[in-house]
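Morning, everyone. Please look at the screen.

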Amino acid sequence: MTMPIEKPVYLQKVKQDNMSVLLQQIWKHEAISRVELVELTKLTSGTVTNLTQDLIQLGLIQESETSSGSVGRKRVMLKYNLERFLIIGLDISRTSYEVILTDLTGRIVKSAEGNTVGIHQPEQILDLIESHIRSMNHYAASRGTPVIGLGVSIPGPMDRKAGQLLSPVNFPGWENFPIVSTLESRFGLHVFVEDDARASALAERWYGLGRSVQDLLFITMGMGIGGGVITRGELVEGANGLYGQVGHITLVPDGQLCACGNRGCWETVGSIPGILNRWSAGHSIDEFFHAVRQGDPTAQQCLTQTLRDMESALTTLFNTYDPEIIVIGGRLYPYLAMYMNEIRAGVKERIYSFVRNRLTIEPATFGSSQNAIGAVALVFEHLLMAPLQILTAVKPAQE
Ligand SMILES: [Zn+2]
């Protein structure tokens, strides 16, 4: 009888899953000893020793010595080798794009952005982006730090398994576009795609406010209203990939028809176009808030209604998802920031009294680069979940 030489597939999977558990703990603690890893993960010390050795060889983690205690005994700690690999994040919105090159912590090393107004062919937009990605790849190669993947944030909805968009609203030309295979063949990188709101939630999960919190609701308010829900540290997808479509809860029964098919969605009254529609067509959001400051009664009335709607929506969402923290970002947020204390107070009055002091509503961490950082976080998450799959496919950096 001959024994198979290769390890059975399921053993590889067990190995990778165990590595993932270790990597998540190392990320959470920043620096941690093998003994602590054994305690926290319940893996045997032999397994921890072997797997951490493999991860050191892959270049993902490294040892560092720290002295601890009054006797100054040296302890060997494990931490990420943060500058060994790079990640590219790409945000494609309806009117612009942003490309960033970051280290594993999401720290931006290089960035580029541009306008896509009037361009409706995906291939033409990718042509604009191509030179940036190529030059970032060259830069990474010249430093000997390979790019492990390209993350993409783009308007949804999408078929994640097929790697293609479905029919994003107000995003002509992108219906059914096979974005993953197209980018993989253009750039030869691992490509991961997520819708912009959820990518933004991942930015918080791995690099922002979600590092210390398990249950987080991210809401982005701009041309639409989107959301991403992190539950027990994981981005929830739902049966149809529609989990956390916060912009489509009904706020105005029999209200305006929404692109989703429902009437009176929060998005139809609370997004930038929603506010402008309700106020006075043909104006910009800058003009709206200018009118508010000038004391224009119709603008002020519209703002009051917008803030009340927001209170209602946030109360409903708090009761639905029970998050430790609600994070709000998007293009509209800077205009709303000065009203957030009022909104917080309003929501507090409307939720269960015993959780009033636990309600936390905070602004998004990464401002206008939130989506692009989210695209990076998407790749980082795949690295933590499937390190062997990601790293064994990474080619040594080449010019
Ligand atoms: Zn809707």
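**Helix and sheet packing**

Start with helix H6, residues 196-207, and helix H13, residues 370-385: they pack at an angle of about 65 degrees, and their axes are 7 Å apart. Keep in mind that this is a predicted model. The H6–H13 crossing is left-handed. On the H6 side, the contact residues include Ala 199, Leu 202, Ala 203 and Trp 206. On the H13 side, they include Ile 373, Val 376, Leu 378 and Phe 380. What classes of residue make up the contact of H6 with H13? There are 13 nonpolar, four polar and three charged residues.

Now the sheet. This one is open, with five strands in the order S13-S12-S11-S14-S15 and mixed pairing. Strand S13 (234-235) and strand S15 (361-363) are the edges, each pairing on one side only. H6 comes back here: it packs on the sheet and touches S11, S12, S13 and S14. The direction of H6 makes about 40 degrees with that of S12, residues 225-231. Within the sheet, S11 (residues 216-221) and S14 (residues 325-329) pair in the parallel sense, over five bridges. Phe 218 sits opposite Val 327 of S14.

Last, another helix pair. Helix H2, residues 34-41, packs against helix H3, residues 45-58, at an angle of about 120 degrees, with axes 10 Å apart. That angle is why H2 counts as oblique to H3. The crossing of H2 and H3 is right-handed. H2 brings Arg 34, Leu 37, Val 38 and Thr 41. From H3, the contact residues include Val 48, Thr 52 and Ile 56. By class, the H2–H3 contact has four nonpolar, five polar and one charged.

Conventions: Residues numbered from 1 in each chain as written. Predicted model: local features only at pLDDT ≥ 70, side-chain atom pairs only at ≥ 80, totals over all residues. Heavy atoms only, no water. Axes fitted to C-alpha atoms, helices over the stretch in contact; angles between N-to-C directions. Helix = DSSP H or I, 4+ residues; strand = E, 2+ residues; numbered from the N terminus. Left-handed = near helix turned anticlockwise from the far one by under 90°. Contact = heavy atoms within 4.5 Å. Nonpolar A, V, L, I, M, F, W, Y, C, P; charged D, E, K, R; others polar. Pairing = 2+ DSSP bridges. Parallel < 35°, antiparallel > 145°, perpendicular 65-115°, else oblique.
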